[in-house]
Amino acid sequence: TGLPRMTSDTLHTLVVERRIRASQARVWHAWTDPETLRRWSCPAGMSIPEGRSEFRLHGAWEVTMVRTDTGEKHIAFGRYLEIDPPRRFVQSHQWRMPDGSSSPETTVAVDVIDEGATTLVRITQGPFSNVFSRDGHGEGWGSALDNLTTLLEADE
């Protein structure tokens with residue numbers, strides 16, 4: 001619990017970790033159940049009114065995040081590249097730009113590590129083209145993990 005640990009082994013890779021007082025099964029469910037995912041997986045000040053997920057190898061996912069103060073939309077999308085329940089999944093990640101183009105693709109690996117009384121969530125994302133993008137994603141993941149921690153620890 002507490003603040004996520006954020007490190008960078010290179011300028012182009014982000015690692016964010018958080019220990020959550022919840023079982024591995026509950027944490028895995030929160031990441032893989034579309035309705036639960038919509039409840040927590042965006043930064044503070046945003047909501048997810050739309051999303052879809054085909055949680056299977058090579059299945060597609062897409063989420064629309066909306067800033068609650070301005071209504072500005074941010075659309076992220078990708079495919080599932082690896083799935084190893086209940087320990088790990090890997091997905092591609094891109095942003096759809098307002099002009100219809102897409103951001104450079106990154107890969108997001110989510111490790112859900114059973115530690116007994118807690119579960120360690122480790123998010124590894126990259127490669128990023130610059131530190132500003134990397135750090136912005138780090139802030140977003142940290143805020144989303146705050147939401148996940150609140151959701152799961154409130155139910156324990």
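Select Q94 and S103: a polar atom of the Q94 side chain lies 2.8 Å from the backbone oxygen of S103. The model is predicted, with local features needing pLDDT of at least 70, side-chain atom pairs counting only at pLDDT 80 or more, and totals for chains, interfaces and linings using all residues. Residues are numbered from 1 along each chain as its sequence is written, and side-chain values use heavy atoms, with hydrogens and water left out.

Stay on Q94. Its place is in strand β6, residues 88–96 (strands are DSSP E runs of at least two residues, helices H or I runs of at least four, numbered from the N terminus). Q94 counts as buried because its relative accessibility is 17% (buried is under 20%, exposed over 50%, partly exposed in between; 1.4 Å probe, protein chains only). Show its contacts beyond four places in sequence: I75, A76, F77, S102, S103, P104 and E105 (contact means heavy atoms within 4.5 Å).

Next, select strand β4, residues 60–67. Of its 8 residues, 6 are buried, so β4 is largely enclosed by the rest of the structure. In the hairpin of β3 and β4, 6 residues sit between the strands, and H58 takes a positive phi near 70 degrees.

Find W61 and its bridge partner in β5, G78. The hairpin of β4 and β5 has 5 residues between the strands, and G71 takes a positive phi near 80 degrees.

Last stop: T36, in helix α2, residues 34–40. T36 counts as buried, at 12% relative accessibility. Beyond four places in sequence, T36 touches H29, A30 and L151.

Key
Polar contact = N/O pair within 3.5 Å; in protein donor to acceptor, adjacent residues only side chain to side chain. Pairing = 2+ DSSP bridges.
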